[in-house]
Amino acid sequence: MTREDEIFKKLKTGDPTAAEELVMLYYDDILRYCLYHVPEQSLAQDAVQETFLKVFRYFENYRHRGHFRAFLYRIAANVCADLRRKRTWEPIPEQVPFEEKGLKEGEDREDFRRLVELLPEELQEIVILRFSQELKLGEIAKITDLPMRTVQSRLRKSLKLLKREFEGREKEWKPTR
């Protein structure tokens, strides 16, 4: 029995600590995911909170079949999409504001976000799920509700597009001496 299964068993029996355990198990992953979809830390935290509120609000209707992670990411994706529709964002600044704590992580996240923005929208989600969340292709297929072959081909296409983009930039860049 997995830790997730144990937590669901506790939830079904009404154990008050089970909800906190479930949040602790997935909070960091969902926050990292939301940070790629909304540009502000506080909004990403709000999105995570809303995601878990929706999970617990509709928990009675959820049937645990070992695919909870996919279910959770799908809710997070919808919450982030709702936030994006409700707000207009300022463009992402070229320079990340200095934050002593987590500066490198913030810079890496912004670099990754800019890289993903080079791709067509239909490919972005797959790249985010695969490389920022480190999910397996099968999990991505469940989250995006796409066939596994489609996920594979879109990921392959994304990598080819990014490679072509960087090769084009290398040709344009000429070192000066």
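Me: Buried means under 20% relative accessible area. With that in mind, are Phe8 and Phe68 in this predicted model buried or exposed?

Reply: Both Phe8 and Phe68 are buried, so each has a relative accessible area under 20%.

Me: Good start! How many aromatic pairs does a search of the whole structure find?

Reply: Searching the whole structure turns up five aromatic pairs. In one of them, Phe8 and Phe68 have their ring centres 5.0 Å apart and their planes at 75 degrees.

Me: Why is the pair of Phe8 and Phe68 called edge-to-face?

Reply: There are two steps here. The centres are 5.0 Å apart, and rings pair if their centres lie within 6.5 Å, so this counts as a pair. The planes stand at 75 degrees, and an angle over 60 counts as edge-to-face, so that is the name it gets.

Me: What makes this a link between distant parts of the chain?

Reply: Phe8 belongs to helix H1 (residues 3-13) and Phe68 to helix H4 (residues 68-86), and 60 residues separate the two. Ring pairs also join Phe8 and Phe68 with Tyr26 and Phe71 in a cluster.

Me: What is the geometry of the aromatic pair of Tyr36 and Phe112?

Reply: Tyr36 and Phe112 are edge-to-face as well, with 5.0 Å from centre to centre and 75 degrees between the planes. This pair also connects distant parts of the chain: Tyr36 lies in the loop between helix H2 (18-35) and helix H3 (41-57), Phe112 lies in helix H5 (residues 103-116), and they are 76 residues apart.

Me: Why does Tyr36 count as buried, and why is Phe112 called buried?

Reply: Tyr36 has 13% relative accessibility and Phe112 has 15%. The cut-off is under 20%, so both values qualify.

Me: How do you know that Cys34 is in no disulfide?

Reply: A search of the whole structure finds zero disulfides. For Cys34, the nearest cysteine sulfur is that of Cys80, 3.5 Å away. A disulfide needs the sulfur atoms within 2.5 Å, so this distance rules it out. Cys34 counts as buried because its relative accessibility is 0%, and Cys80 counts as buried for its own value of 0%.

Me: Why does His37 count as buried?

Reply: Its relative accessibility is 12%, and buried means under 20%, so His37 passes. His37 is placed in the loop between H2 and H3. Leaving aside residues up to four places away in sequence, it touches Cys80, Arg84, Glu125 and Ile128.

Me: Why is Tyr27 called partly exposed?

Reply: The relative accessible area of Tyr27 is 27%. Buried ends at 20% and exposed begins over 50%, so a value in between is partly exposed. Tyr27 sits in helix H2 and touches Gln45, Val48 and Phe52, with residues up to four places away not counted.

Me: What makes the charged end of Arg130 sit over the ring of Phe131?

Reply: The charged end of Arg130 is 5.9 Å from the centre of that ring. The distance limit is within 6 Å, so this value meets it; the position must also be within 35 degrees of the ring normal.

Me: To finish, how many helices and strands are there in the protein?

Reply: The protein has eight helices and zero strands. Of its 177 residues, 33% are buried.

Technical notes:
Residues are numbered from 1 along each chain as its sequence is written. This is a predicted model: local features need pLDDT of at least 70, side-chain atom pairs count only at pLDDT 80 or more; totals for chains, interfaces and linings use all residues. Side-chain values use heavy atoms; hydrogens and water are left out. Rings of Phe, Tyr and Trp (its six-membered ring) pair if their centres lie within 6.5 Å; planes under 30 degrees apart count as stacked, over 60 as edge-to-face and the rest as tilted. Helices (H or I, at least four residues) and strands (E, at least two) are DSSP runs, numbered from the N terminus. Buried means under 20% relative accessible area, exposed over 50%, partly exposed in between (1.4 Å probe, protein chains only). Contact means heavy atoms within 4.5 Å.
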